[in-house]
Amino acid sequence: MAISLRDLSVDYNLPIGTAHALRNVSLDIQKGEMLGLVGESGSGKSTVAFALMGLLANNATVTSGTAIIEGREFDLTKPNATAPLRGRGMAMIFQDPMLSLNPVFTIGTQLIEVLRRRAPDSDRKTRIAQAEDALAKVKLSNPKQRMNQYPHELSGGMRQRVVIAMALLSEPALLIADEPTTALDVTVEAQIMREIIGLRDRIGCAVLLITHSLGLVTEHCDRISVLYAGERLESGSVRDVQRQPGHPYTRMLFDCEIPIDRERHADTAQNRFTVIAGELPDPRRRPPGCIFNGRCDVSFADCAKVVPGDYPVAGNAAHGARCLRLVTP
Amino acid sequence: MTDAITVLGARLRFGETAALESVSVSIPQGACFGIVGESGSGKTTLMRAMLGLQRLDAGEIRILGTPLQQGRAALRQRARVVQPIFQDPAASLSPRSRIRTLMNEVGTVLKEPHAATHERLLVILKRLGLPDSVIDKYPHEISGGQARRVAIARALLVKPSILIADEPTAGLDVSVQGDLLNLLQDIRRAENITLVVISHNLAVVRLIAENAIVMRAGRVVEGGEVGPLFASPRQSYTRELFAAWPSLASNNKGR
């Protein structure tokens with residue numbers, strides 16, 4: 001039962017004009033799989049999550065897009081299209097766990113609330129036991145004591161664990177994690193990623209990991225989709241994309257990452273860092289041709305005129321990129 | 001040669017928590033020094049102490065051999081030597097004044113005519129790749145990357161010999177963080193500035209710093225030359241910290 005998102009386009013109405021945040025973005029995630037959606041600020045990666053969850057701001061319009069989740073089709077252009085799925089079929093982990101936790105209720109109350117919505121017939125005792133069990137599963141110490149604590153009494157990493165426990169209780173078909181570890185330390189980051197993977201394996205859901213960190217994606221994800229200025233430029237298995245990036249943007253993004261074992265010049269002032277020169281195109285007026293033309297280091301005349309389609313990379317149908325180079329001999 | 005900054009047995013408590021506990025650090029002149037550690041390890045507190053913005057319970061800090069003193073006159077004096085670049089540069093810009101007002105402040109501190117300050121500013125802006133028009137903008141009109149450059153421009157305008165940057169690449173995209181790091185590299189080479197970089201980004205510190213310390217819970221866990229420190233950390237905490245860093249190479253998935 002795969003999750004499928006087709007042709008999602010989202011516009012934001014701003015005082016300075018209409019910004020096209022997403023243009024015909026499609027994603028597929030298999031059950032039990034984790035897809036890494038990477039992109040820089042302004043690429044529209046969070047807009048994908050918000051459109052799926054129905055959390056878009058008032059000035060946003062979904063101009064096209066359908067989602068197929070658990071075999072049901074949802075027309076995302078309709079307001080509140082996925083409302084029946086919230087808290088049951090879909091769960092979301094935000095960058096800031098305080099956004100998902102109510103500061104005036106205890107952790108226990110909030111976990112039990114999820115169960116009340118999910119299984120209205122169960123009794124309170126069972127719910128409490130289930131909630132404590134969920135906290136134990138995400139390796140939060142002293143679950144019994146945590147149930148009576150308020151969010152502010154916990155650290156950032158502990159709060160994120162509570163949110164993961166909430167997701168665990170709602171047993172979603174799709175879990176969306178939007179920069180779940182950005183606010184956390186590296187050692188905590190590794191632990192939280194382990195919990196998200198544990199949750200996926202336990203309930204067999206599909207996970208959409210939205211992040212700007214290629215390191216996280218290559219370490220934890222099965223597949224990767226690269227978003228740039230509202231368009232999906234490449235997608236494929238992490239291994240294929242890493243081995244042979246089909247789009248110059250993907251290659252340049254990988255080059256910008258600083259590996260911890262990069263060769264180090266003894267005179268450290270000599271160590272240089274890679275940059276992608278140029279700026280994002282104006283989201284109100286899409287330039288003709290390839291969206292990445294202008295920042296690309298291998299563009300040619302046609303790139304400014306022809307909008308590239310999604311072409312297979314190295315003859316692999318499961319690995320595609322939008323670059324004219326792939327079809328130009 | 002005298003050290004740029006010497007910290008001797010610094011101790012500071014916030015209630016029960018030890019923010020700094022017997023911290024001793026020597027930062028040599030003209031080099032880049034890295035301070036790494038997780039949140040709450042005391043990195044930023046140490047920076048604030050070095051700038052004289054945070055009194056210590058015990059211990060001593062010397063800037064170029066001169067003990068740090070409290071008071072406005074001492075602060076003014078010190079501002080010409082040590083300059084900070086704070087973690088969130090946009091937050092340290094007043095939302096109600098143009099960048100120009102901020103820069104003129106520097107002239108006032110240096111007792112320099114505004115025209116002269118302005119002339120030097122134009123040179124610095126060019127170096128940092130900022131358009132002159134940025135001077136007349138309000139903080140909300142510029143991007144995060146530009147705000148950081150503005151903060152660096154302001155710091156350089158004071159002509160310091162020591163620059164302390166707190167998380168200089170936090171919140172920047174990978175495509176632009178390299179640009180800022182290259183810039184810091186150029187500046188320290190051209191101006192012979194002592195650069196102190198506080199960061200949780202181990203990969204960055206490893207490449208730009210000659211020496212570094214690892215902090216945890218207010219203490220210096222380990223320190224020394226970056227090469228050996230990263231290649232063979234002696235403390236288990238340092239090893240743990242380095243091991244947690246996501247690596248691009250080890251993709252053991254492959255489904």
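**Entry 1: A:Asp282 and its partner**

I began with A:Asp282 in this predicted model, and I found A:Asp282 to be partly exposed, with a relative accessible area of 25%. I then looked up its pairing and noted that A:Asp282 forms a salt bridge with A:Arg284, the closest N and O atoms being 3.2 Å apart. A:Arg284 is also partly exposed, and I wrote down a relative accessible area of 29% for A:Arg284. Side chains of opposite charge can pair when their charged atoms come close. For context I searched the whole structure, and the search gave 28 salt bridges over all chains.

I turned to B:Glu191 and B:Arg127, whose side chains meet in a salt bridge with an N to O distance of 3.3 Å. I checked the accessibility of both partners, and B:Glu191 counts as partly exposed at 43%, while B:Arg127 counts as partly exposed at 40%.

Next I looked at B:Arg149 and B:Asp179, whose side chains meet in a salt bridge at 2.7 Å from N to O. B:Arg149 lies in helix α5 (residues 144-157) of chain B and B:Asp179 in helix α6 of chain B, so this pair ties together parts that are 30 residues apart in sequence. Is B:Arg149 buried or exposed? I found 13% relative accessibility for B:Arg149, and B:Arg149 therefore counts as buried, since the cut-off for that class is under 20%. For B:Asp179 I recorded a relative accessible area of 32%, which makes B:Asp179 partly exposed.

Which residues are joined into one network by salt bridges that share partners? I found that A:Arg23, A:Glu231 and A:Arg286 are joined in this way.

**Entry 2: positive charge on the surface, and B:Lys111**

I then looked for charge on the surface and noted a patch of positive charge where B:Arg72, B:Arg76, B:Arg80, B:Lys111 and B:Lys159 gather. I followed one of these residues, B:Lys111, and located B:Lys111 in the loop between α3 (99-110) and α4 of chain B. At 68% relative accessibility B:Lys111 counts as exposed, because the cut-off for that class is over 50%. I also checked the backbone here, and I noted that B:Lys111 has a positive phi of about 55 degrees although B:Lys111 is not a glycine.

**Entry 3: another positive phi**

I looked up B:Ala217 as well, and I found its phi to be near 50 degrees, a positive value in a residue other than glycine. I placed B:Ala217 in the loop between β9 (211-216) and β10 (219-225) of chain B.

**Entry 4: A:Thr328**

Last, I went back to chain A and found A:Thr328 in the segment after β12 (316-321). What does the side chain of A:Thr328 reach? I noted that this side chain reaches the backbone oxygen of A:Leu324 at 2.5 Å.

Key:
Residues are numbered from 1 along each chain as its sequence is written. Chains are lettered from A and ligands numbered from 1 in the order in which they are written. This is a predicted model: local features need pLDDT of at least 70, side-chain atom pairs count only at pLDDT 80 or more; totals for chains, interfaces and linings use all residues. Side-chain values use heavy atoms; hydrogens and water are left out. A salt bridge is a side-chain nitrogen of Lys or Arg within 4 Å of a carboxyl oxygen of Asp or Glu. Buried means under 20% relative accessible area, exposed over 50%, partly exposed in between (1.4 Å probe, protein chains only). Helices (H or I, at least four residues) and strands (E, at least two) are DSSP runs, numbered from the N terminus. Patches are made of residues with over 30% relative accessible area and no salt bridge: like charges are joined within 9 Å, nonpolar side chains (Val, Leu, Ile, Met, Phe, Trp, Tyr) within 5 Å. Accessible areas come from the Shrake-Rupley method with a 1.4 Å probe; for residues, only the protein chains shown count as cover. Lys and Arg count as positive and Asp and Glu as negative; His and the chain ends are not counted. The place of a charge is taken as NZ of Lys, CZ of Arg, CG of Asp or CD of Glu. A polar contact is a pair of N or O atoms within 3.5 Å; within protein, one must be able to donate a hydrogen and the other to accept it, and residues adjacent in sequence count only if both atoms are side-chain atoms.
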